[in-house]
Amino acid sequence: MNVTLLLLTVATTTALVGPYDAPPVKSAKLKSPVLKTGLPAIAPDPDNGGIKLVNGFGGLVFADNLGKARHIVVDEAGTVFVKLEKLNDGKGIVELNDTNGDGRADQTVMFGNNTGTGMALYNNYLYASSDTSVYRYKLTNGKVMETTPAEPIISGLTLQRQHASKSLAISPDGKLFVNFGAPSNACQEKDRQKGSKGMDPCPILEEYGGIWLFDAKKLNQHKSDGKRYATGIRNAVSLDWNTATNTLYAMQHGRDNLNNWGGVFTDELSAELPSEEFLMVKEGSDFGWPYCYNDHFKNKKFLAPEYGGDGTKEDRCAGKEKPIMAFPAHWAPNDLLFYTGTQFPARYKNGAFICFHGSWNRAPLQQGGYFVAFVPFGKDGRPSGKYEVFAENFAGVAEQGKPGTDVNAGKLDLASPGDAKARPVGLAQGPDGSLYISDSVKGKVWRVMYTAKK
């Protein structure tokens with residue numbers, strides 16, 4: 001690459017702040033790129049960046065200390081964009097570049113003044129969300145330039161006190177799917193209160209508890225411009241479009257506090273139920289929240305206790321959509337990625353990676369999750385085998401799981417989320433097929449590569 005051109009690109013990489021129509025302001029933190037010929041081959045860290053991986057894979061720390069990271073995307077030029085839950089020096093998006101080819105970020109630019117979760121790439125635009133909006137930036141050679149404005153796609157959404165993340169996915173033809181998590185645990189008359197009955201019908205489902213469809217190419221939309229695509233989903237922080245089947249998929253966060261009802265709903269049972277559900281989402285799908293919960297031990301959906309359930313009644317839930325796979329409770333699936341690359345062995349092609357972030361309410365049991373799972377998929381768009389641990393040891397404590405299997409997956413010696421050194425939260429695929437994983441504690445980003453011979 002021409003050195004002068006590279007330095008000019010670095011000098012003009014920028015940051016944006018303020019409302020959508022405010023002029024962008026430069027706020028870049030740049031490390032001087034190391035320019036040299038004969039760029040070194042990318043080698044994993046000796047300890048794989050501190051995480052444990054399936055045999056044949058290696059990992060490295062691509063970036064660190066970015067802040068409380070959420071979702072992450074990588075564009076065709078290899079630029080990595082990370083969304084932040086909290087502003088870092090007043091900025092909400094981090095742009096990372098590896099300019100010397102060693103596989104690690106050496107150029108960091110921060111821009112935008114919105115926190116949030118969702119990110120996607122479509123038609124040479126970077127899409128991002130706050131808890132009340134979706135917006136985009138035009139990309140120029142894989143970067144957001146200083147003069148690039150943030151364009152509003154959806155605005156004016158009401159800020160909710162829980163499950164507010166507007167995670168998103170975009171289909172190849174420009175359909176924009178946005179999560180509208182329910183601002184409630186189980187649609188009770190008094191939220192999370194013992195003995196409070198569920199509202200029937202649940203009025204929250206009119207505006208929340210589902211996935212809404214918008215046009216990714218259209219500016220200045222409002223909630224009324226979208227339409228409800230699927231319902232009965234308490235909160236889906238992770239969405240992805242499977243290009244092999246042209247279908248939307250989501251991971252649902254199951255409800256809390258079954259133990260508020262006592263009886264068969266013991267503290268131990270409430271720590272293990274209901275399932276975290278892997279959903280194949282079609283237009284018009286209804287997955288049953290708040291009336292139903294999924295029990296992966298019995299492979300059925302049962303009536304929630306707020307609506308008269310006792311752990312055995314199916315009632316209206318017998319007709320609700322079932323998950324294509326179910327996981328233990330409170331693992332908090334926070335991102336989903338269908339792998340389309342060729343770097344990894346063929347069995348990974350079109351399979352799903354899932355980030356289990358871990359939750360707060362597994363007591364009296366130990367915490368669960370804190371790993372990245374892999375789910376093999378068949379041509380029918382459904383899992384073709386068991387899920388398995390792909391990457392673990394993010395929390396930095398003793399774990400019982402073994403990469404490459406599902407044995408003791410998600411079991412670790414951790415009493416509280418606050419004691420975890422790192423928590424996997426976002427997934428992205430690089431142009432070379434590497435897998436990127438973000439962390440919500442301090443903002444570490446790992447890059448995972450296949451290092452064995454195929």
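The legends below describe close-up views of a predicted model.

View 1. Two or more lining residues come from each of the elements β4 (69–74), β8 (119–122), β12 (168–170), β16 (238–242), β23 (333–338) and β27 (424–429). By residue class, the lining of the largest pocket consists of 22 nonpolar, 12 polar and four charged residues.

**View 2. The second largest pocket.** The second largest pocket holds about 700 Å³ of space, and 31 residues line it, with R70, S165, N235, H253 and N334 lying nearest its centre. The lining of this second pocket divides into five nonpolar, 16 polar and 10 charged residues.

**View 3. The largest nonpolar core.** In soluble globular proteins, nonpolar side chains tend to be buried together. Here the largest nonpolar core has 34 residues, and Y127, I154, L176, V178 and C202 are those with the most contacts inside it. The elements giving two or more residues to this core are β8, β9 (125–129), β11 (151–154), β12, β13 (175–180), β14 (210–215), β20 (292–295) and β21 (300–303). Of these elements, β13 gives the most to the core, with three residues. When neighbours within four places in sequence are left aside, L176 is in contact with V134, I153, I154, L168, A169, I170, W212, L213, F214, D215 and A216. Another core, of 22 residues, lies apart from the largest one, and V54, C355, V372 and F374 are among its members.

**View 4. D45 and its partner R104.** D45 is found in the loop between β1 (28–29) and β2 (52–53), and this residue counts as buried because its relative accessibility is 15%, where buried means under 20%. A polar contact of 2.8 Å joins the side chain of D45 to the side chain of R104. Apart from its neighbours within four places in sequence, the residues in contact with D45 are G59, L60, V61 and R104.

**View 5. R192 in the loop between β13 and β14.** R192 is found in the loop that runs between β13 and β14, and at 25% relative accessibility R192 counts as partly exposed. The side chain of R192 makes a polar contact, at 3.1 Å, with the side chain of Q162. If residues up to four places away in sequence are not counted, R192 touches Q162, H163, N185, R234, D256, N257, N260 and W360. For a sense of distance across the model, R192 and K322 are 130 residues apart along the chain, and their C-alpha atoms are separated by 25 Å.

**View 6. I233 and its surroundings.** I233 has its place in the loop between β15 (227–231) and β16, and with 0% relative accessibility this residue counts as buried. Leaving aside neighbours within four places in sequence, I233 is in contact with G209, G210, I211, Q252, L279, F287 and W289. I233 and E277 are 44 residues apart in sequence, while their C-alpha atoms are 9.6 Å apart in space.

View 7. Most residues other than glycine have a negative phi, and most peptide bonds are trans. The bond from W289 to P290 is cis, with omega near 0 degrees, and P290 is placed in the loop between β19 (285–286) and β20. A363 and P364 are also joined by a cis peptide bond, for which omega is about 10 degrees, and P364 lies in the loop between β24 (352–356) and β25 (371–375). Turning to phi, N141 is not a glycine and yet has a positive phi of about 50 degrees; N141 is placed in the loop between β10 (134–138) and β11 and is exposed, with a relative accessible area of 68%. N220, which is likewise not a glycine, has a positive phi of about 60 degrees, sits in the loop between β14 and β15 and is partly exposed, with a relative accessible area of 49%.

Key:
Residues numbered from 1 in each chain as written. Predicted model: local features only at pLDDT ≥ 70, side-chain atom pairs only at ≥ 80, totals over all residues. Heavy atoms only, no water. Helix = DSSP H or I, 4+ residues; strand = E, 2+ residues; numbered from the N terminus. Nonpolar A, V, L, I, M, F, W, Y, C, P; charged D, E, K, R; others polar. 1 Å grid on protein atoms, 1.4 Å probe; cavity = no way out; pocket = protein on both sides within 12 Å on 5 of 7 lines; lining within 4 Å. Points joined across faces, edges and corners; volume = space filled by probe spheres on them. Buried < 20%, exposed > 50% of the residue type's maximum accessible area, 1.4 Å probe, protein only. Polar contact = N/O pair within 3.5 Å; in protein donor to acceptor, adjacent residues only side chain to side chain. Contact = heavy atoms within 4.5 Å. Core = buried A, V, L, I, M, F, W, Y, C linked by side-chain atoms within 4.5 Å.
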